[in-house]
Amino acid sequence: MRYVYADNSATTALSPKVLEKMMPYLTEVYGNPSSIYTIGAKARAAVETARENIAKNLGAANPNEIYFTSGGSESDNWALKGVCHALKAKGKKHIITSKFEHHAILHTCEALEKEGFEVTYLDVYENGIVHPEDVENAIREDTAIVSIMYANNEIGTIQPISEIGAICRKHGVLFHTDAVQAAGYVKIDVQKENIDLLSMTAHKLHGPKGCGLLYIRKGVRIENLICGGAQERNKRAGTENVAGIIGLDAALQLAVDGMDERNAKLEKMRDRLIDGLLKIERSRINGDRVHRLPGNVNMCFEGIEGESLLLRLDLKGVSASSGSACTSGSLDPSHVLLAIGLPHEIAHGSMRLSFSDDNTEEDIDYILEIVPEIVSYLRSMSPLWEKIKKQEAQG
């Protein structure tokens, strides 16, 4: 039986080249970067070199605008809570976001609402794109921050970040974007796109788990995240994850260097898979077909449960998901699919396949071979599918 890993939006395999870069900082240069002796100084120099490289790859004006964190969720929490708490005294108590953000944003907004902040949750349209004019219409005098993800983690749609950034800059409102899924797959320039804060993590682009960053434009007021030390310019205390930071830098550099060639390969596989799966009766692709991540395929099949589909795929050696790994324990349909207007009964039958450069055309062949068989088998036992077919017969 063939094994296909098709859940790269959840996490990616650590690249051997990235591991090679990390190893000296796990075994030889293991000093604390805050120590003054040689082994500590070497670790500090490596961290600062990585900060410089990452700043360049994100288009940041200054390496000191890069703050290392434990990952995307921490960075999202810090961006929203840090800015809102810092601007609260100025009467800025309004947040704008969208209904299909990652739960690291949505749950943070819910927590801030309990503190007295007001949140506007923008609608997302059937194609999975936030409209810039909706952002502009929602901005008020007391708006503290706008947070719109760069690319959706479930349906892969890429948002008009440059347009939204320009609107926020025009109105003097801070703009944050969760770029966890986009970094390394989309060319990002925080200055040109008027991005004030940006979150990303290493493990979505063949780097290590447990290391991410928050870009904070110079001059942005933000509350410190962790007290207790002078690390990250006194804003996030705690001994730096040196090997993780080196891995983050290496992974981002490899992704940026090979972006065009890799994306062309992934887009070809993605589009062939979508075209093939759409031949299945009552199937649909979720999200815009053009403005989407190169390796993302999100489908719904009427008349079946997504969980059953995923279990059957696993038995056939294919690792897939129905949405965010952060909500894998939930029996509710995806909030992303509901946000783009799908009814519950259709949203329940969803499947997300996400690919990386490690995947091959043979993987696509195998998926196209087994998915129609699995869908047909599950529909043969489904009362819902039987009801759908009866309704069709009755006209």
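This is a predicted model: local features need pLDDT of at least 70, side-chain atom pairs count only at pLDDT 80 or more; totals for chains, interfaces and linings use all residues.
An open sheet of seven strands has the order E2-E8-E7-E6-E5-E3-E4, and its pairing is mixed. Its edges are formed by strand E2 (66-69) and strand E4 (118-122), each of which pairs on one side only, and the twist from one strand to the next averages 20°. Within this sheet, strand E3 (residues 94-98) and strand E5 (residues 143-147) pair in the parallel sense over four bridges, and Ile-95 has Ile-145 in E5 as its bridge partner. Two helices can be described against these strands. Helix H5 (residues 103-114) packs on the sheet, where it touches E3, E4, E5 and strand E6 (174-178), and the direction of H5 makes about 150° with that of E4. Helix H3 (residues 38-58), for its part, lies across E2, strand E7 (197-201) and strand E8 (212-216), and runs at about 115° to E2.

Another open sheet consists of three strands in the order E9-E10-E12, with antiparallel pairing. Here strand E9 (283-285) and strand E12 (350-354) are the edge strands, each pairing on one side only, and the twist averages 25° from one strand to the next. Strand E10 (residues 296-301) pairs with E9 in the antiparallel sense over three bridges; Arg-284 has as its bridge partner Cys-300, which belongs to E10. Helix H9 packs on this sheet, touching E9, E10 and E12, and the direction of H9 makes about 10° with that of E10.

The space in the second largest pocket amounts to about 410 Å³. The lining of this pocket is made up of 17 residues, and those lying nearest its centre are His-206, Leu-254, Ala-255, Arg-262 and Asp-357. When the lining residues are sorted by class, eight are nonpolar, three are polar and six are charged. Because domain 1 (4-10 + 259-393) and domain 2 (16-255) both give residues to this lining, the second largest pocket lies between them.

The structure also holds one cavity of 30 Å³ or more. The volume of the largest cavity is about 120 Å³, and the residues that line it include Asn-8, Ser-9, Leu-293, Pro-294, Gly-295 and Asn-296, as well as Val-180, Gln-181, Tyr-185 and Lys-204. Ser-354 and Phe-355 are also among the residues that line the largest cavity. By class, this lining divides into five nonpolar residues, six polar residues and one charged residue. Both domains are represented in the lining of the largest cavity, with at least three residues drawn from each of domain 1 (4-10 + 259-393) and domain 2 (16-255).

Note on methods
Residues are numbered from 1 along each chain as its sequence is written. Side-chain values use heavy atoms; hydrogens and water are left out. On a 1 Å grid over the protein atoms alone, a cavity is a set of points where a 1.4 Å probe fits but cannot get out, and a pocket is an open set with protein on both sides within 12 Å along at least five of seven lines; lining residues have an atom within 4 Å of a point. Grid points are joined across faces, edges and corners, and a volume is the space filled by probe spheres set on the points. Ala, Val, Leu, Ile, Met, Phe, Trp, Tyr, Cys and Pro count as nonpolar, Asp, Glu, Lys and Arg as charged, and the others, Gly among them, as polar. Domain bounds come from an automatic or database domain assignment. Two strands pair if DSSP finds at least two bridges between them. Axes are lines fitted to C-alpha atoms, for helices over the stretch in contact, and angles run from 0 to 180 degrees between N-to-C directions. Contact means heavy atoms within 4.5 Å.
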